[in-house]
There are 2 protein chains.
Amino acid sequence: MSHTFEIEKTCRHTSARAGFITTLHGVVPTPAFMPVGSQATVKALTPDDLKDVGAKILLSNAYHLYLRPGIDVIEQMGGLHRFMGWAGPILTDSGGYQIFSLATLRRVDDEGVVFRSHIDGSEHFLTPEDAVKLQERLGSDIIMALDECPPHTAGMGQVREATDRTHRWAERCLKARRGQDQALYGIVQGGIFPELRRESAAYLTSLDFPGYAIGGLSLGEPKKVMLAMVEETVSCLPGGKPRYLMGVGSPEDLVENVARGIDLFDSALPTRTARNGALFAATGRLNIRNASYKGLDQPIDPGCDCYTCQRFSVAYLNHLFKSKELLAYRLGTIHNLRFIMRLMERMRQAIVRGSFGEFQREFLGSYRTTDEEVRLAQKQQWLARSVRVDDEGNGSEDSGVVT
Amino acid sequence: MSHTFEIEKTCRHTSARAGFITTLHGVVPTPAFMPVGSQATVKALTPDDLKDVGAKILLSNAYHLYLRPGIDVIEQMGGLHRFMGWAGPILTDSGGYQIFSLATLRRVDDEGVVFRSHIDGSEHFLTPEDAVKLQERLGSDIIMALDECPPHTAGMGQVREATDRTHRWAERCLKARRGQDQALYGIVQGGIFPELRRESAAYLTSLDFPGYAIGGLSLGEPKKVMLAMVEETVSCLPGGKPRYLMGVGSPEDLVENVARGIDLFDSALPTRTARNGALFAATGRLNIRNASYKGLDQPIDPGCDCYTCQRFSVAYLNHLFKSKELLAYRLGTIHNLRFIMRLMERMRQAIVRGSFGEFQREFLGSYRTTDEEVRLAQKQQWLARSVRVDDEGNGSEDSGVVT
């Protein structure tokens with residue numbers, strides 16, 4: 001078995017834990033954040049940039065790669081690792097979320113889902129078995145079961161139906177799996193309904209997956225609700241398996257959810273906000289386009305060891321962003337990802353040293369989080385652009401330049 | 001005097017020569033090509049990328065930097081080198097070409113030029129003395145006199161008037177110069193009129209500049225005309241001073257003009273075409289978006305030592321360009337610039353070894369140049385987009401993504 005999970009240390013005061021996920025392509029110290037490279041590229045960065053910021057595992061997406069360039073192309077090129085030039089671990093999402101949020105849905109029933117491509121409108125049929133097979137052909141280290149992901153506004157009846165189908169599909173995915181080189185994770189659904197979350201976690205646990213994801217959160221529901229759902233779910237998942245919270249990636253949410261026992265995260269938030277000029281600093285996000293930064297001769301975050309902070313001033317970045325220069329997007333992305341990677345590293349160290357509770361208090365005390373109303377409005381605005389495609393499956397069908 | 005020019009070797013059969021331009025920030029082996037970084041950034045690349053492709057000197061632009069971020073900002077930040085993080089030599093153009101091609105011209109007379117910013121429409125007045133002072137404040141190593149650059153379709157009367165004014169301005173620029181750290185080059189004009197070219201070269205030579213540029217070419221005139229004008233001009237310039245042909249940068253034009261005695265070039269062509277997916281290979285330009293490249297498992301140019309060719313396949317680049325991914329622009333730019341830098345290095349070696357004539361024949365024999373009609377149509381199309389701004393002063397007021 002090429003996938004193992006080992007817990008090194010657990011926090012005494014919270015549910016946080018430090019561990020290692022081992023895959024065929026390397027070891028991932030957890031808690032870990034996965035930069036998002038849906039189209040076989042983390043926007044604006046090379047694999048070397050990703051290594052430099054400290055990324056240990058990337059996320060890519062079977063839906064995007066199936067549509068373009070096609071699984072055949074990647075398979076011919078020796079698989080996804082070789083195609084994109086990244087030798088480390090890769091997790092691929094099945095594309096369930098994208099099919100339900102991005103493609104035009106034609107029909108969903110127990111057999112599978114018929115959808116239209118967001119790129120050219122072509123019609124496709126995907127079964128849970130297909131989703132597994134596509135990901136096996138990509139050669140990713142961790143693959144995800146096909147799930148049905150209803151919107152966060154869905155009522156309990158709709159969510160129950162989707163969750164039950166997700167469970168039946170999860171079982172079929174397990175049966176469809178070939179080979180031992182890839183670990184198939186199940187995805188807990190259940191919307192914002194505590195009893196459905198518990199049921200879903202318990203049911204998937206009974207199927208004995210090597211890891212469990214929590215899907216269907218961070219879709220626009222209040223933060224309190226998200227945290228409560230994570231708690232409900234985690235309480236019904238086995239302690240010895242990795243827990244992956246999908247789509248979460250703001251600094252404050254990472255800290256809060258590590259405290260609740262999450263080991264793995266992905267989100268396009270750090271890279272997307274970077275391209276938009278919102279850069280992380282110890283005290284909160286700053287808008288690099290702000291006129292007051294025009295002549296500021298210091299790095300974005302004096303405590304940051306990233307290439308951008310080591311080499312360039314806020315004044316220069318302000319100029320690049322205002323001039324919409326391509327270099328802005330790369331330098332901003334490097335900084336934001338490095339900030340997140342350092343945050344994960346610091347949390348891990350704190351867990352190992354037994355000081356995570358302290359770290360959590362200090363970080364959340366000094367990092368000014370974005371106001372929740374603003375945050376939800378931004379999220380809604382982003383989700384509303386569903387005809388456009390971005391690394392998260394939300395966004396623009398362009399080069400990822402946010403304007 | 002911090003600027004010197006030394007000729008190491010001259011070709012016996014052509015006018016090509018190998019030399020060194022020494023500046024306060026380093027030595028430039030010539031013939032040399034300057035990547036274009038009008039807005040204090042070569043689009044999509046960091047200074048380290050530029051070092052890696054072998055760039056020894058960059059070009060930037062006083063017009064662009066004056067408008068944004070403003071000369072004050074750059075001066076406060078310790079000058080252009082420190083602002084953009086490039087420690088090597090920098091040549092700045094005065095912005096004459098941009099004012100006459102890009103800004104809305106309000107009035108030009110002997111005193112100077114009144115123009116409106118292409119960014120916000122604000123009105124500005126610039127004299128030859130101002131142009132020198134702005135560039136001295138930027139701290140660039142080589143600065144350019146303010147010139148008047150008429151379109152290539154202008155009649156002889158208009159060109160004579162512009163050329164005469166350029167001469168009067170050149171004298172005033174020389175007088176306005178302070179300090180010895182920067183070399184001021186004069187710019188020969190004269191359009192497509194051999195006698196005006198000779199007159200202009202002779203007149204500027206009488207003023208004894210440390211270097212001479214040839215302006216007003218590569219603006220859409222036939223290639224034969226351009227080469228004839230270069231020959232006329234070079235024949236009237238002193239042998240011991242550097243000769244800089246402005247705006248030239250296709251592989252074939254570089255070879256032809258090195259053969260005619262040019263030492264220095266700049267052009268946005270290699271970087272602009274790269275962003276458009278036209279990548280240089282030994283046999284000519286290839287369009288990386290071509291469907292036949294979808295599954296091609298080899299580098300763009302098997303003989304190329306650039307980062308892109310060392311790490312990525314044509315198939316992956318085809319995917320990035322088709323998906324309009326930001327990484328495409330960086331990888332394409334690295335390749336095209338490295339191709340040009342290697343071409344310059346190979347020409348220099350050939351001159352030093354006494355085999356330039358052979359090199360020229362071989363290169364032009366195997367490199368399939370773009371059909372002249374196609375080339376001129378592309379150039380016209382590009383120049384016509386004069387409301388948009390790019391690194392050459394032609395192009396889009398966006399991030400430089402060509403679509």
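Which residue in strand 8 of chain A stands opposite A:Leu105?

Analyst: Happy to take you through it. Please keep in mind that this is a predicted model. The residue you are looking for is A:Phe115, which stands opposite A:Leu105.

Now for another sheet in chain A. Three strands make up an open sheet in the order 1-2-3, with antiparallel pairing. The edges are taken by strand 1 (4-10) and strand 3 (26-30) of chain A; each has a single partner strand, so one side of each is left without a neighbour in the sheet. From one strand to the next, the twist averages 15°.

Within this sheet, strand 2 (residues 17-23) of chain A pairs with strand 3 of chain A over five bridges, in the antiparallel sense. A:Phe20 stands opposite A:Pro29 of strand 3 of chain A, and A:Thr22 stands opposite A:Val27 of strand 3 of chain A. The two strands form a hairpin, with two residues between strand 2 and strand 3 of chain A.

This sheet leads us on to a helix. Helix 14 of chain A lies across strand 1, strand 2 and strand 3 of chain A, and runs at about 120° to strand 2 of chain A.

Helix 14 (residues 326-353) of chain A also packs with helix 13 (residues 314-322) of chain A, at an angle of about 130° and with the axes 7 Å apart. The two helices of chain A, helix 13 and helix 14, are therefore oblique to each other. The crossing in which helix 13 of chain A passes helix 14 of chain A is left-handed. On the helix 13 side of chain A, the contact is made by A:Tyr316, A:Leu317, A:Leu320 and A:Phe321; they meet A:Leu327, A:Ala328, A:Tyr329, A:Leu331 and A:Gly332 in helix 14 of chain A. Sorted by class, the contact between helix 13 and helix 14 of chain A has eight nonpolar residues, one polar residue and no charged ones.

Finally, let's step back to the pair of chains. Chain B superposes on chain A by a rotation of 180° with 0.0 Å of shift along its axis, at an RMSD of 0.0 Å. That is the relation of a two-fold axis. In chain B, the C-alpha nearest the axis belongs to B:Leu326, 3.9 Å from it. Both copies use the same surface, as 100% of the contact residues of chain B recur in chain A.

Definitions and conventions:
Residues numbered from 1 in each chain as written. Chains lettered and ligands numbered in written order. Predicted model: local features only at pLDDT ≥ 70, side-chain atom pairs only at ≥ 80, totals over all residues. Heavy atoms only, no water. Pairing = 2+ DSSP bridges. Helix = DSSP H or I, 4+ residues; strand = E, 2+ residues; numbered from the N terminus. Axes fitted to C-alpha atoms, helices over the stretch in contact; angles between N-to-C directions. Parallel < 35°, antiparallel > 145°, perpendicular 65-115°, else oblique. Left-handed = near helix turned anticlockwise from the far one by under 90°. Contact = heavy atoms within 4.5 Å. Nonpolar A, V, L, I, M, F, W, Y, C, P; charged D, E, K, R; others polar. Least-squares fit on C-alpha atoms with pLDDT ≥ 70 in both.
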